[in-house]
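Take a look at the picture first, then read on.

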Amino acid sequence: RDSSPGYEVADLSLAPAGRHQIRLAEHEMPGLMALRAEYGASRPLAGARIAGSLHMTVQTAVLIETLTALGAEVRWASCNIFSTQDEAAAAVVVGSGTPDDPQGVPVYAWKNETLPEYWWAASKIFDFTDGSGQPVAPTMILDDGGDATLLVHRGVEFEAAGAVPPAPREGDADYSEEYTVVLDTLRADLERDPQRWTRIAEGIRGVSEETTTGVHRLYQLASRGQLLFSAINVNDAVTKSKFDNRYGIRHSLPDGINRATDVLIGGKVAVVCGYGDVGKGAAEALRGQGARVIVTEIDPICALQAAMDGYQVATLDDVAGVGDIFITTTGNKDVILARHMEAMKDKAIVGNIGHFDNEIDMAGLARIPGIERVEIKPQVHEWVFPDASENADTTATEGGERRSIIVLSEGRLLNLGNATGHPSFVMSASFTNQVLAQIELYTAEPEETPAVHVLPKALDEKVARLHLDALGAELTELSKDQAEYLDVDVAGPYKPDHYRY
Ligand code: NAI
């Protein structure tokens, strides 16, 4: 790897390749480029220091360079161990310089990090310094999934208590390898500097959060009165969740499955767990490829939507032995369990596209006595079941061979682990919301009681508007008369806040 105190990435010589991709992505990201044109001169983020934790892809590179064009100082890590595109990370570090003399943004991210490396990088994004080299707190976090926000909140909590609690042990209900690493990271911080996270938290004006799972964590913190700074829920901008989560997945899910396995999806039975925004995009994509799609849901409204959209709705227990491809999209834990995987057909493909890796019980799978894990290639593993187990008749194939399943990205989000995530155009809408949220957090008066907010609908409509021209879409204009009849302004917003799209 290439590293210095100012960055750590896989290989800086990849920067030219990354720069070409970034240049093409800019063409597909009209929202971000429009913000550069609108705010490049006034630089509303001048003086802002943004600690970013979001998949370090080509599209994120365009986001980072938009934030710096608007005046911000930025440090970055990825929010997933597999999602970094190394050429994009290199190009962002090099910036307008050369690999020998990088002039860009400090990035700490590479594809295939270990968990300790991941949390080390998450901590590095907070290490801003002032002109004289003294540590100075970031002014904002830009988060995806809430890991950076979690570090600050837990850090402050443990510093107040003067100690980091011992990690749950393997076998305890709340044990997880990852949380043990988080605790180790914070314990080392506390020993080095007992006020690090408290000082950082005091400087932070707010966080803008990208995804459903991270937003869920923020509302939990706010409802317990524990949220330390204001938050903007970017996910629930209509131009984010109804586009990225749905149309982005519709593109990047098949991309991930294809690059990982190259299995023909047509004619197969695909089981999609969860029919929220991501599930809807996943089911549509798989049906579009000719699969017969079965949906599982726990929410009667979403289950009914799936049924009305023409999908069979069933429980996983009933269809575990029927599916050829299983995709989790729930943001929940323990959705596909070891017993489901044991019941699956030979060479069934199992993958997750929800934010965290706890949707599929990988630990339970690994605990099956005699199971073997074969690496087909990075992020594609065959799990071969033992010859004889309690259900010996289902573990052998007809030819008597040992049955196996294929697990993508070790249960982590496969569209970013096995492919390159959502395409630029849809990320332009998401990231335009992110930039507007960062400007809002930086310029608004601090709140007495920090709360979670969504962006005003006028901005949501602005984000959509910025993307229409590029698609050649012509918008009909309301007449003054019509606007009065509907009781809206000619310039919008056109819908009440409770409208669901
Ligand atoms: P959502 O809340 O709209 O949908 C999740 C659905 O799963 C809900 O309808 C819920 O009722 C259902 N569900 C919960 N537990 C279930 C269970 N045990 N079995 C079956 N269904 C269950 O959330 P959204 O926006 O669809 O996001 C889902 C996940 O995907 C989140 O973790 C989010 O952060 C992540 N995400 C991932 C992206 C990616 O690029 N991989 C992009 C956007 C979101």
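In strand β18, S404, I406 and L408 point one way while I405 and V407 point the other way, and all of them are buried. Buried here means that 20 or more other C-beta atoms lie within 10 Å of a residue's own; 12 or fewer make it exposed, anything in between makes it partly exposed, and the C-beta atoms are placed from the backbone. Helices (H or I, at least four residues) and strands (E, at least two) are DSSP runs, numbered from the N terminus.

Please keep in mind that this is a predicted model: local features need pLDDT of at least 70, side-chain atom pairs count only at pLDDT 80 or more, and totals for chains, interfaces and linings use all residues. Residues are numbered from 1 along each chain as its sequence is written.

**Strand β18 and its sheet**

- Because 5 of the 5 residues of β18 are buried, the strand is largely enclosed by the rest of the structure.
- β18 belongs to an open sheet of 8 strands with mixed pairing, in the order β13-β12-β11-β14-β15-β18-β17-β16. The edges of this sheet are β13 (312-313) and β16 (372-377), each with a single partner strand, so one side of each is left without a neighbour in the sheet.
- Two strands count as paired if DSSP finds at least two bridges between them.
- Strand β15 (residues 348-352) pairs with strand β18 (residues 404-408) in the parallel sense, over 3 bridges. Here I349 stands opposite I406, and A348 has I405 as its bridge partner.
- Strand β17 (residues 380-384) pairs with β18 in the antiparallel sense, over 5 bridges. In this pair V380 stands opposite L408.

**The whole chain**

- The protein chain has 21 helices and 19 strands. Its radius of gyration is 23 Å, close to the 23 Å that the globule rule gives for 501 residues, so the chain is as compact as a globular protein of that length. That radius is taken over C-alpha atoms, and the globule rule is 2.2 Å times the number of residues to the power 0.38.
- Along its principal axes, the C-alpha trace of the chain spans about 70 × 65 × 45 Å.
- Of the 501 residues in the chain, 49% are buried.
- Two residues are in contact if their C-beta atoms, placed from the backbone, lie within 7 Å. Among contacts with a separation of 6 or more, 74% are between residues 24 or more positions apart.

**Binding-site residues from the record**

- An unreviewed UniProt entry lists T57, D144, E210, K240 and D244 under "binding site". UniProt positions are given in the numbering used here, feature names are shortened, and annotations may be inferred rather than shown by experiment.
- D144 sits in the loop between β8 (140-143) and α6 (147-161). With 26 other C-beta atoms within 10 Å, D144 is buried.
- Not counting residues up to four places away in sequence, D144 touches S53, L54, H55, C79, E210, T211 and G214.
- K240 lies in helix α10 (residues 238-241), and K240 is buried because 29 other C-beta atoms lie within 10 Å.

**Around the ligand**

- Which of the 30 residues around the ligand come nearest? They are G274, G276, V278, G331 and H355. A residue is near a molecule or strand if its C-beta atom, placed from the backbone, lies within 6 Å of it.
- The shell residues divide into 8 nonpolar, 18 polar and 4 charged. Ala, Val, Leu, Ile, Met, Phe, Trp, Tyr, Cys and Pro count as nonpolar, Asp, Glu, Lys and Arg as charged, and the others, Gly among them, as polar.
- Helices α9 (212-223), α11 (244-261) and α12 (277-288) each supply at least two residues of the shell. The largest share, 3 residues, comes from α12.

**Backbone details to look for**

- The peptide bond from G492 to P493 is cis, with omega near -10°, and P493 is in the segment after α21 (480-486).
- Q379, in the loop between β16 and β17, is not a glycine but has a positive phi near 70°.
- E410 also has a positive phi, of about 50°, although it is not a glycine. Is E410 buried, partly exposed or exposed? With 18 C-beta neighbours inside 10 Å, E410 counts as partly exposed.
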